[in-house]
Amino acid sequence: MSLPPTGHVEGAAAPAVPGYAIGVEPRCYALVPCAGSGQRAGPGGPKQYRHVAGQPVVAHTLAALAAVPRLAATLVVLSPDDGQFEQALPGLDGNRLWTARCGGATRAASVCAGLDELIARGAQPHDWVLVHDAARCLITPALIDRLIDACWKDEIGGLLALPLADTLKDATPDGRVAATLDRSGKWAAQTPQMFRLGLLRPALAHAGEGVTDEASAIESLGHAPLLVRGALDNFKLTWPEDFALAERLLQVPGR
Ligand code: C5P
């Protein structure tokens, strides 16, 4: 699908993005926070560099993003002391793939620093940024396109997410059920999460480093991001056993 000619949304209320440029075609960038230590994943180093299906986790993630022509470029945010990326992913095309060693102590800090880097490289307030976890290596070009198609004309933007299927329990510190929570209307947030640069940057500054996704930052400004149906496969590799599951899924022919 080709991009619509302008960033103007017909009939929309006042633009949520300061500096929103009517008549200027916005670009889409991907921003991949890749600066975590992944301690919940157990020994073996940062999870984004562990191998699944013959490649580092982040290589699968970047291959899916690279297969989406509507993304002008992908910026990978690395830890300042990262010594593995170039070694783990040799021969990457630097044309649409940028790296910056500007990661912070939290995911939100890494994303903020990445947004500043995108601005330094010419991104504008009305441009879209799709923030996607390096550790969600089962993302597909079709899912990324689904999110772009759904959000492109939206005034706020949105995120991939899934309605909760399981019954939801609140736990006590010693691992017992404290309460059963109402699961109706509850969704589990995934990534990518797609917002305009000029809205996301002040939202993250307002929300602080505690937020674990971009949508929460946008919500803190009183906006309601769009929920776009993701997929069960698009889980974030978090626990030691997740690597074997990702390996099996990545080897399914034609996925
Ligand atoms: O730790 P968590 O699973 O929430 O990390 C999600 C993504 O954010 C991962 O891709 C990780 O590398 C990244 N991250 C980051 N900077 C941090 C912490 C996490 O870029 N300080």
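In which loop does D127 lie? Select D127 in this predicted model: the residue lies in the loop between α3 and β6 (128-131).

**The surroundings of D127**

Display the side chain of D127 and the backbone of Q124. The D127 side chain reaches the backbone nitrogen of Q124 at 2.8 Å. D127 counts as buried because its relative accessibility is 0%, below the 20% cut-off. Next, show the contacts of D127, leaving aside neighbours within four places in sequence: these are P26, R27, Y29, F195, R196 and L197.

**The pair α3 and α5**

L197 also belongs to the next stop, where L197, L200, R201 and L204 in α5 meet V111, C112, L115, D116 and I119 in α3. By class, this contact has seven nonpolar, two charged and no polar residues. Select residues 107-120 for helix α3 and residues 197-207 for helix α5; their axes come within 10 Å and cross at roughly 145 degrees. The crossing of α3 past α5 is left-handed.

**The seven-stranded sheet**

Now colour the strands of the open sheet, whose order is β5-β4-β1-β6-β10-β7-β11 and whose pairing is mixed. At the edges are β5 (97-100) and β11 (226-229), each of which pairs on one side only. Ignoring direction, neighbouring strands of this sheet are turned against each other by 30 degrees on average.

Which helix packs on the sheet, touching β1, β4, β5, β6 and β10? It is α3, and its direction makes about 145 degrees with that of β1 (28-33). For the other strands touched by α3, select β4 (71-77) and β10 (187-196), together with β5 and β6.

**The β8-β9 hairpin**

For the last stop, select strand β8 (residues 168-171) and strand β9 (residues 177-181), which pair in the antiparallel sense over four bridges. L168 has L181 in β9 as its bridge partner. The two strands, β8 and β9, form a hairpin with five residues between them. Centre the view on G175 in the turn, where phi is positive, at about 80 degrees.

Conventions:
Residues are numbered from 1 along each chain as its sequence is written. This is a predicted model: local features need pLDDT of at least 70, side-chain atom pairs count only at pLDDT 80 or more; totals for chains, interfaces and linings use all residues. Side-chain values use heavy atoms; hydrogens and water are left out. Axes are lines fitted to C-alpha atoms, for helices over the stretch in contact, and angles run from 0 to 180 degrees between N-to-C directions. A crossing is left-handed if the near helix is turned anticlockwise from the far one by less than a right angle, and right-handed if clockwise. Contact means heavy atoms within 4.5 Å. Ala, Val, Leu, Ile, Met, Phe, Trp, Tyr, Cys and Pro count as nonpolar, Asp, Glu, Lys and Arg as charged, and the others, Gly among them, as polar. Two strands pair if DSSP finds at least two bridges between them. Buried means under 20% relative accessible area, exposed over 50%, partly exposed in between (1.4 Å probe, protein chains only). A polar contact is a pair of N or O atoms within 3.5 Å; within protein, one must be able to donate a hydrogen and the other to accept it, and residues adjacent in sequence count only if both atoms are side-chain atoms.
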